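Me: I have a model open and would like to go through it piece by piece. Could you take my questions as they come?

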Amino acid sequence: MNIRIFILLFFMAIAGSMQAQVKFEANVSKKKLGVNERLRVDFEMNQDGDDFKAPAFTGFTVVGGPNQSVSNTWINGKRSYSKTYSYFLAPSGRGKFTIGQAEITVEGNTYKTSPLQVEVTAAVETPKDGNNSDFVASENLHLVAEISNANPYLNEAITVVYKLYVSPRVSVSNWRELDNPVYSDFWSQNIDIRQLKIETGQYEGEPYRYVVLRKTILYPQKTGELDIEPLTLSVAVDVPSDRRDIFGGRLYETIDKTVAAGKRSINVKALPTQNKPAGFTGAVGDFSFKVVPSKTDLAATESLNVQVQVSGNGNLKLFDLPGLEVPSSLEQYEPERSENVKTDLRGTQGSITDNYTIVPTQKGKFPIPALSFSYFDLKSKSYKTINSDEILLDVKSAPAGSNYTPGSGNSVAKQTVEAGEQFRYIKLNTNLKSINSGAFLGSTLFWALLLSPGIFILLAIFLGKKKEAIAGDVAGNKRKKANKLARKYLSEAKKNLGDQKTFYIALERALHNYLKAKLHIQTSDMSKDRVMELLQERNADPETRTEFISLLTSCEFARYTPSSNVAMEQDYEKAAKVISALDKQI
């Protein structure tokens, strides 16, 4: 019995000593890497120690760390502890290097890790940075420009849709545009996106969430290979870190990541020259054409309207309509252009109309020649021509009472002369006064002239005292001046209350213009941190500074998120209050 107890106690002692054994080891993210990659080294221990000493890292440069993470969990009454020191290293050259021994002291005993061999080769095409948060963000965040057609014809519409793909491993808390593409070889138009919508999809075969940030319609204006410049964003990405909370849950850290859609190229084909109509002016798409008069039977000097209209889907704003030609006996005025178009992912659709006003000057029948309109049809890849019908005007004699005088060829229209400086009608009503209207002395005019100097003196004294009182009210004058200044800068924003996008653009411009005028600085390229620093230098109140920066942030977010009219009115009132407060403080 005693032997059994002794054996049991012996094994329990061994188990206790094994459980209390200190474990201290080093791990690397990879043992072979390119000279343009980064290496992560973790020194992990299962008990808390003191006097941690890292090795010299010969052949490497420390670009990050040491980052310390601690995990302390209890499972079924058993404690599990882990403490890790992490370093991120950049190779200084090619070769084979040794990660030396790290040291730690636990309860007076010194423990060391084993050396690790790492080989650095030539640069790789796609560098990877191990488990660095910045690398995790770049691997799970992608900005893509999707082009509908990479080989269009000249003046054929193509769409560019910018999508931001986000992996389920990370999340995005904010973003802003750093560089907008300039479509120098294209006619372009952005399609408004009223509200961002999160959708699910795939990126390179993996499940992702994505948001459509921008849609743009492009009409190439040159042939050959054309470049589409990239869109560049600064994105705040929440990335899981190596740290954990007291419950063992992983903590997240925010990384500011710059992503770009990448430069894309398209090859624009020239329109065919074979069978190209003589009257072709560059119309590409699918169109209909008509010439419609408001009437064909009318009297001389009576006007009519003729509409020359092209409708359909295509580059409606990038070609000329055929001009209307009329006989010399008809007076023709310059046409008025009217457009009824809209733009979506299918291109530009609607109609463009030239409205002609025509006035016949004599009696007779007058033909208006037919017009022809040519365009390049993308479906059949051929030119098509649409001809209108000839218009025959039947002009009767001038109506009774008109100024029209018929003649053999030329006619003169009499114009009514209106009363002016040169011509005046004889007045029919008189306004005569009697010569003997009474003595001036004692009359109303006499007493008014006699008393007027005293009244003027009293009024001047009263106004002078009023002006002195106003001048003495320093606080009131500053308040009035500040309110007037706020109304001056916020007038454009007030006009656009109800139109969210235009209102917040005008509000942001007003805030920057105020700083520009007040501090005599250029604020177009300034960050919010720099604005905060300038206001602090001018001794602005902390609360006022915070409200000013909060307004700038609201302007940025409100362009892409829905906002109510009540919120816009509150931001307007807040901006007026902040500008008034700043004008008193700086």
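Me: Which residue is the bridge partner of G285 in β28?
Reply: The bridge partner of G285 in β28 is D377, where strands are DSSP runs of E with at least two residues, helices are runs of H or I with at least four, and both are numbered from the N terminus. Please keep in mind that this is a predicted model, in which local features need pLDDT of at least 70 and side-chain atom pairs count only at pLDDT 80 or more, while totals for chains, interfaces and linings use all residues. Residues are numbered from 1 along each chain as its sequence is written, and side-chain values use heavy atoms, with hydrogens and water left out.

Me: And how do β21 and β28 run, parallel or antiparallel?
Reply: Strand β21 (residues 284-293) and β28 run parallel and are joined by two bridges; two strands count as paired if DSSP finds at least two bridges between them.

Me: What does β28 pair with in the antiparallel sense?
Reply: That is strand β29 (residues 382-387), which pairs with β28 over six bridges, and within this pairing F376 has Y383 in β29 as its bridge partner. The hairpin of β28 and β29 has four residues between the strands, and K381 takes a positive phi near 55° there.

Me: How many residues of β28 are buried?
Reply: Five of the six residues in β28 (residues 372-377) are buried, so the strand is mostly covered, with buried meaning under 20% relative accessible area, exposed over 50%, and partly exposed in between (1.4 Å probe, protein chains only). D377 is one that counts as buried, because its relative accessible area is 3%.

Me: What does D377 form a salt bridge with?
Reply: D377 forms a salt bridge with K384, and their closest N and O atoms are 3.3 Å apart; the term covers a side-chain nitrogen of Lys or Arg within 4 Å of a carboxyl oxygen of Asp or Glu. K384 counts as partly exposed, because its relative accessibility is 36%.

Me: How many salt bridges are there in the whole structure?
Reply: A search of the whole structure finds 13. Among them is the one between K379 and D286, with the closest N and O atoms 4.0 Å apart. K379 lies in the loop between β28 and β29 while D286 is in strand β21, so this pair ties together parts that are 93 residues apart in sequence. K379 is exposed, with a relative accessible area of 70%, whereas D286 is partly exposed at 37% relative accessibility.

Me: Where is S234, and what does it touch?
Reply: S234 is found in strand β18 (residues 232-244) and counts as buried at 14% relative accessibility. Not counting residues up to four places away in sequence, S234 touches N174, W175, R176, L178 and K257, where contact means heavy atoms within 4.5 Å. S234 and K257 are 23 residues apart along the chain, and their C-alpha atoms are separated by 5.7 Å.

Me: Last topic, what covers the buried residues of α8?
Reply: The cover includes α6 (500-519), α7 (528-537) and α9 (565-585), and the buried residues of α8 are T544, R545, F548, I549, L551, L552, C555 and A558.
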